[in-house]
Amino acid sequence: MYIFQPLKDKLSKYLNRKQLKLVEKAYLLARGAHEGQTRSSGDPYITHPVAVAHILADMRLDAQTIMAAILHDVIEDTACSREQIAEEFGEEVAELVEGVSKLTQIKFSTRAEAQAENFRKMMMAMVKDIRVIIIKLADRLHNMRTLGPLKPEKRRRVATETLEIYAPIANRLGIYTIREEYEQLGFKALYPTRFRILKTIVENARGSRKEIIETILTEIKKRMASAKLKVQVQARQKSLYSIYKKMKKKKANFEDIMDIYGFRVITKNVDSCYRVLGQVHNLFKPVPDRFKDYIAIQKANGYQSLHTTLRSPQGLHIEVQIRTEEMDHMAESGVAAHWLYKTGSEVNPAEVRAREWMKNLLDYQESAGDSLDFIEHVKIDLFPDEVYVFTPQGNIIELPAGATPVDFAYAIHTDVGNSCIACKIDGRLSALSTPLVNGQTVEVVTAPGARPNPSWVGFVTTGKARANIRHFLRTMRAEEAVKLGIQLLNKALGDKNVEDFSEEEKAVLLADNKYKNLDAVYMDIGLGSVSAKVVAHRLDPANMESGNEERRRRPLSIKGTEGMLIEFAECCTPIPGDPIVGEARPGRGIRIHREPCAVVQGIQPDDERYLPVSWEENVQGEFPVNLRVVVFNGRGVLASLTQLISQCEGNIIDVHVGRDDGFTNTLTFKVAVQNRIHLARIIKRLRLNKSVSKIERYSEYESKK
């Protein structure tokens, strides 16, 4: 019992006798289950779960959490079952242990996929009970403290995972004490030489600046006393990892990093916080744009404090944090403060924010394509340097730095994001990709029937926006693929349509068990993953062999607005009126080329990739086309040509000016036109300009004939 006794002494300070008895019973079960097992260091394995329980006892977690911590590896590593834990300690403890247990029995194709799936399972378990992640964080903390015996490669892998995943989660949940230790231990394991050198430099600097720090500390205390403010004032050194990150971000030497020391002023109430702020601003000169009010607007994890950076008479930049005692407790322990400091309320602010975040995790889970997709969305939200903007009604919306109006729209509601078409920032129409800054008022313009644009994925920053856009596009792509697949199959069948066949005949397509239903067959045809001819032959061999080719040779009609699965090739920029041909691309649909395009010259009519296509009558829309215009040098030539194109209702997408022999310039335009007739009208108008020497439609990939 010598291993358990120190833990028991610690727990006896806040648990009752009945609870202590249950914890001891859990220890005896775990000790017996792990009998004979050792850690990499050679220590008995039971020392690990007891050490995890010590970390949680320091945070004063409840008895169920302590028992689950002691038992957290027995399901995975021993013969002990979940049912046994539930029977002896209750369903609550069993669920916690199951939530924390690693899922090594699941097989995956890649290590990355396995890690992503385990992370996804951990997040989902956390949603059910937040204590799961607190135990997991303590488990990882003890593993980080005992990295020494591991091989260097495994040490680096564990440290990297900790810095990339676990430290941000601890930060997201407001548990700064664990986050800072993760960062310090991870930094030391990943970059031992850099850690050692920086530590030496900081220790030397501490000696040279010690008197300055003491002077500043004394001056702050005197000013607070003269203002009759009862406060605690603490001087603290920033962590080595935060100093290292700042040096790396700014590409600076240590000497250039001024604010390696900070001061914390802890007061009794919120009113005193703002009075302290006024006093320190009178004492030392504040640095412009370095003030943050996290009391009025909390951080995403519930953190509250005033932050200001001051310049001391000695030339040092010093950061001062001002907060109440309760805010300080919350800052140190985050969601765990619910158990640490009972305030009479059911939950603390950090826990409220954490539960909001976990609700978003459920949304990601529903819309993510797979585990790797899910972890990508979650990692985006784990690095939330915040931006605070307002709705037109004055409500505050919190977003990560770099967020756009599209992120804002999805933060309000998924339906608002999906139907967003434009936005106003501070009353002015702005691009949907505009990065938002603190204090702006954002208004979203929506329209019935609107849908997300695939290009949004390239600039949104929140996991919620990215997950919902991708989910919508996947669904839309699937629906379009089914429609296109039916169209292609009907064409391949010749005289018949899919609807002409009975359910029994259609079932032939599902006989090899590759497809769950007919929509899956049609989707594969639409995506180009399987040939419509092959499927048609399986459905009706007699019709395919009867020589009925007239309908099968009939071109597929293209109207220009089919969606994501019909793509117009940029290599030759086909427009309505051009003779065209389709190129089937497995998994990606159909790309439309002009017939003279060199890319499709090698594709024969009997090739699976070849697809005869034609334009529908009265095609609507705009299509890009490339024009090369050689002009004589002269003032205002470019302006006159762009004006002519505009007068002909051509939309200039891009223009490039190249210099030739000093007498002429070559202008290349990308212009959106309606069809060949519209293009001919623009070319005819441009030729009338006296400065134009030569004009042609061009394509770099067009074959020379």
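**Close-up views of sheets, a hairpin and a surface patch**

I425 stands opposite V442 in strand 10, a pairing that belongs to the views of a predicted model described below.

**View A. Three strands form an open antiparallel sheet in the order 9-8-10.** The edges of this sheet are taken by strand 9 (428-430) and strand 10 (442-446), and because each of them has a single partner strand, one side of each is left without a neighbour in the sheet. When direction is ignored, neighbouring strands are turned against each other by 35° on average. Strand 8 (residues 420-425) pairs with strand 10 in the antiparallel sense, and five bridges are found between the two. Helix 19 (residues 405-412) lies across strand 8 and strand 10, and runs at about 80° to strand 10.

**View B. An open sheet of mixed pairing is built from five strands in the order 1-2-5-4-3.** Strand 1 (232-237) and strand 3 (285-293) are the edge strands of this sheet, each of them pairing on one side only. From one strand to the next, the twist averages 20°. Strand 1 is joined to strand 2 (residues 261-267) by six bridges in the antiparallel sense, and within this pairing Q237 has Y261 of strand 2 as its bridge partner.

**View D. Strand 6 and strand 7 form a hairpin with five residues between them.** Strand 6 (residues 386-390) and strand 7 (residues 396-400) run antiparallel and are joined by five bridges. Among the residues to look for in this pairing is E386, which stands opposite P400 in strand 7. In the turn, G394 has a positive phi of about 95°.

**View E. L638, V655 and V657 make a nonpolar surface patch of about 200 Å².** One of these residues, V657, lies in strand 17 (residues 651-659). V657 has a relative accessible area of 42% and is therefore classed as partly exposed, a term used for values between the 20% limit for buried and the 50% limit for exposed residues. As background to the strand in this view, side chains in a regular strand alternate between the two faces of the sheet.

Terms used: Residues numbered from 1 in each chain as written. Predicted model: local features only at pLDDT ≥ 70, side-chain atom pairs only at ≥ 80, totals over all residues. Heavy atoms only, no water. Pairing = 2+ DSSP bridges. Helix = DSSP H or I, 4+ residues; strand = E, 2+ residues; numbered from the N terminus. Axes fitted to C-alpha atoms, helices over the stretch in contact; angles between N-to-C directions. Contact = heavy atoms within 4.5 Å. Patch = residues over 30% accessible without salt bridge, like charges linked within 9 Å, V, L, I, M, F, W, Y side chains within 5 Å. Areas by Shrake-Rupley, 256 points an atom, 1.4 Å probe, with all protein chains shown as cover. Salt bridge = Lys/Arg side-chain N within 4 Å of Asp/Glu carboxyl O. Buried < 20%, exposed > 50% of the residue type's maximum accessible area, 1.4 Å probe, protein only.
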